[in-house]
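Open your viewer, pick a colouring you like, and let's take a walk through the model together. We will go stop by stop, with something to select at each one.

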Number of protein chains: 2
Amino acid sequence: MKRVLLAAAVTLAALPAVAQDIAVREIGSFHVGGDVATVSGLEPRDITFSPGSPPFRYDPNGDFQAGQMYVQYVRLANPRARYPLLLMHGGGLTGVTWETTPDGRPGWQMAFLRAGHDVFVSDAVERGRAGWARFPEILKGEPIFRTMGEGWHLFRVGPADGWARDAGGRRAYDGTRFPVAAWDQFTKQSVPRWVTTDPMIQAAYDAYVQRVCPCVIVVHSQGGNFAFRAALNAPDKVKAIVAVEPSGAPNPANDDAAKVKDIPHLIVWGDFMDRNALWQRIKPSIDRWAGAIREKAGVAEELSLPARGITGNSHMLMMDDNSDQIAGLIQEWIAAKGLMR
Amino acid sequence: MKRVLLAAAVTLAALPAVAQDIAVREIGSFHVGGDVATVSGLEPRDITFSPGSPPFRYDPNGDFQAGQMYVQYVRLANPRARYPLLLMHGGGLTGVTWETTPDGRPGWQMAFLRAGHDVFVSDAVERGRAGWARFPEILKGEPIFRTMGEGWHLFRVGPADGWARDAGGRRAYDGTRFPVAAWDQFTKQSVPRWVTTDPMIQAAYDAYVQRVCPCVIVVHSQGGNFAFRAALNAPDKVKAIVAVEPSGAPNPANDDAAKVKDIPHLIVWGDFMDRNALWQRIKPSIDRWAGAIREKAGVAEELSLPARGITGNSHMLMMDDNSDQIAGLIQEWIAAKGLMR
């Protein structure tokens, strides 16, 4: 397998070295997907708005919107990219992933705007500004809340036993690039998630692609599988996918990789994979999908940062202290695929 | 009471007539406020991620972030306003209120950016990208979900008996300016809300003001009371408040209006107040607070759109078909108060 696809001679000049102002045509947003769901048969009940105030009769029955997702866009006056760039977040998070890093540096939304892309940032169904619906009547099951500590190991910032609620007691991996002093700030970005809503989420992503694309997708973690499938569902609409640490992918036994052979794929991996059993289990399933695409004469490349000599990156590499450098590598790949004007 | 404060001779030229590109220095975001809350004593349980997959052992106990709010900002390369403009949404909604209107026109975020303000748009605690925490353990009580039909009368688009799930069966007030064909799209912006979180929401708004201000605040509906109180809590930080259809205000019997006498207030009202008993009950409490500010030699002005000859506006007037005109009137008032360079 051809692991390092980016020529070492390519410089990082693809992203402006100095923060530049950008000429913006419009900032806007919309909700896409979803449908009306009806709740009936629940008992109206009294709810007290604030202590001492008279109770309010609340009827929980009625018609509600459910299954929509939220999309915010920044359109440039003079985009240099051929297609809009769609940034899709991972599990338990929202589009905030792509905005300012927890320690206050410009995030990838700004990086790719400055590189000349119209940038779209979304919140998946039931996350963030997408809104969420009553459960278990509309959204089945119950939401999962991520503790402040869960991501410390899951996102490969440090060992599981390196987590402590008190910041002084935390132990990260030597050489981590995650801004660990901003960990608590990062965890304010967490939102609850359901584990029963994948079909609803996928349907909204598909509707989003139909509305906005042709496009290029940069996707993180849990979003990876949704983006891979969105491409399978609309291969003429997706011009490239950059999957950053995807946590899932289609199985070639069930899905025909030939459908996406004309869509270049880049899979980006950070460091410390050997410290985490879960990621060691996940990666082969991604490799399998990438391999199937290559078998169909498609392009599925891997950018392993450690293999490029870039060490210390966590799962949240768009927040790591070398996030601009990684955005630059991705931008180079996008440009090399002929996706800039 | 001096009802119409804006000179009729002032033109609407304060907002550009044609959509202009804007030079943006940075788009970014942060979470502010909140604290760590701990959940303990709950039983771990098995949750099935997807049908047929092995159950996942979920431990709901641990430390979580709660009480933070989300703030997104657009900083201009060359702002013409003296202070950032903070747009604060109303109940059951998020900062999306200020973005593209449900029928696809640029919203007030763009209008005030084009008028030369650095614009900050927030999601209050437990709404949208602010995230929400487990209930009833952390957030007390339960969330309220607004039906698709509730706002039809509450937001003064039409009579209560004019609502129907089928769009063809709906009856709006004659002359409504709300884009009624986009009603269902509008209701996709709804998010659940708690009725127990006011102190948490206020604390986050106060932290927000401390972080970002001096500033000018434009606030809608439920946000009104939070903004009035944020000004009471930091009168040196707030340079003006434009309260658009506020649904609550401090009571002069409990709060000293003299504290905010140096902060010019503008209260903006739409049409059809006489059709809605709730708004007839709400408005006098706002008038009382405005009157108290004036008694202390402060500035609290009212812009009644019908009194200005502008009829048909709903409670959601930033989405009405004359939303740009109303933004223009507010921009004129801000300029008249010396808040532009």
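Throughout this tour, helices (H or I, at least four residues) and strands (E, at least two) are DSSP runs, numbered from the N terminus. This is a predicted model, in which local features need pLDDT of at least 70 and side-chain atom pairs count only at pLDDT 80 or more, while totals for chains, interfaces and linings use all residues. Residues are numbered from 1 along each chain as its sequence is written, with chains lettered from A and ligands numbered from 1 in the order in which they are written.

**Stop 1: chain A as a whole**

Select chain A, which has seven helices and twelve strands. Its radius of gyration (taken over C-alpha atoms) is 21 Å, close to the 20 Å that the globule rule (2.2 Å times the number of residues to the power 0.38) gives for 341 residues, so chain A is as compact as a globular protein of that length. The C-alpha trace of chain A spans about 70 × 50 × 45 Å along its principal axes.

Of the 341 residues in chain A, 50% are buried. Here a residue is buried if 20 or more other C-beta atoms lie within 10 Å of its own, exposed if 12 or fewer, and partly exposed in between, with C-beta atoms placed from the backbone. Two residues are in contact if their C-beta atoms, placed the same way, lie within 7 Å. Among the contacts in chain A with a separation of 6 or more, 76% are between residues 24 or more positions apart.

**Stop 2: a helix pair in chain A**

Now select residues 198–212 of chain A, helix H4, and residues 223–233 of chain A, helix H5. They pack at an angle of about 55 degrees, with their axes 9 Å apart. Axes are lines fitted to C-alpha atoms, for helices over the stretch in contact, and angles run from 0 to 180 degrees between N-to-C directions. H4(A) and H5(A) are therefore oblique to each other: angles under 35 degrees count as roughly parallel, over 145 as roughly antiparallel, 65 to 115 as roughly perpendicular and the rest as oblique.

Which residues in H4(A) meet H5(A)? Show Ile201(A), Gln202(A), Tyr205(A), Asp206(A) and Val209(A), which meet Phe226(A), Arg229(A), Ala230(A) and Asn233(A) in H5(A). The residues of this contact divide into five nonpolar, two polar and two charged. In this scheme Ala, Val, Leu, Ile, Met, Phe, Trp, Tyr, Cys and Pro count as nonpolar, Asp, Glu, Lys and Arg as charged, and the others, Gly among them, as polar.

Stay on H5(A): eight of its eleven residues are buried, so H5(A) is largely enclosed by the rest of the structure. The buried residues include Gly223(A), Phe226(A), Phe228(A) and Ala231(A). Show what the buried residues of H5(A) pack against, including strand E9 (215–220), strand E10 (238–244) and helix H6 (277–295) of chain A.

**Stop 3: loops in chain A**

Pick Arg127(A), in the loop between strand E8 (119–123) and helix H2 (150–154) of chain A. Is Arg127(A) buried or exposed? Arg127(A) counts as buried, with 28 C-beta neighbours inside 10 Å. Leaving out residues up to four places away in sequence, Arg127(A) touches Thr94(A), Val191(A) and Arg193(A).

Pro136(A) also lies in the loop between E8 and H2 of chain A. The peptide bond from Phe135(A) to Pro136(A) is cis, with omega near 5 degrees.

Next, go to Phe272(A), in the loop between strand E11 (265–269) and H6 of chain A. Phe272(A) is not a glycine, yet has a positive phi of about 65 degrees. Phe272(A) is buried, with 23 other C-beta atoms within 10 Å. Most residues other than glycine have a negative phi, and most peptide bonds are trans.

**Stop 4: across to chain B**

Show both chains: 53 residues of chain B are in contact with 53 residues of chain A. On the side of chain B that touches chain A, E1(B) gives the most, with ten residues. By class, that side has 23 nonpolar, 20 polar and ten charged residues.

Within chain B, select Thr97(B), in the loop between strand E7 (85–88) and H1 of chain B. Thr97(B) and Gln189(B) are 92 residues apart in sequence and 7.7 Å apart in space, C-alpha to C-alpha.

Finish at Ala297(B), in the loop between helix H6 (277–295) and strand E12 (300–304) of chain B. Ala297(B) has a positive phi of about 70 degrees although it is not a glycine, and counts as exposed, with 10 C-beta neighbours inside 10 Å.
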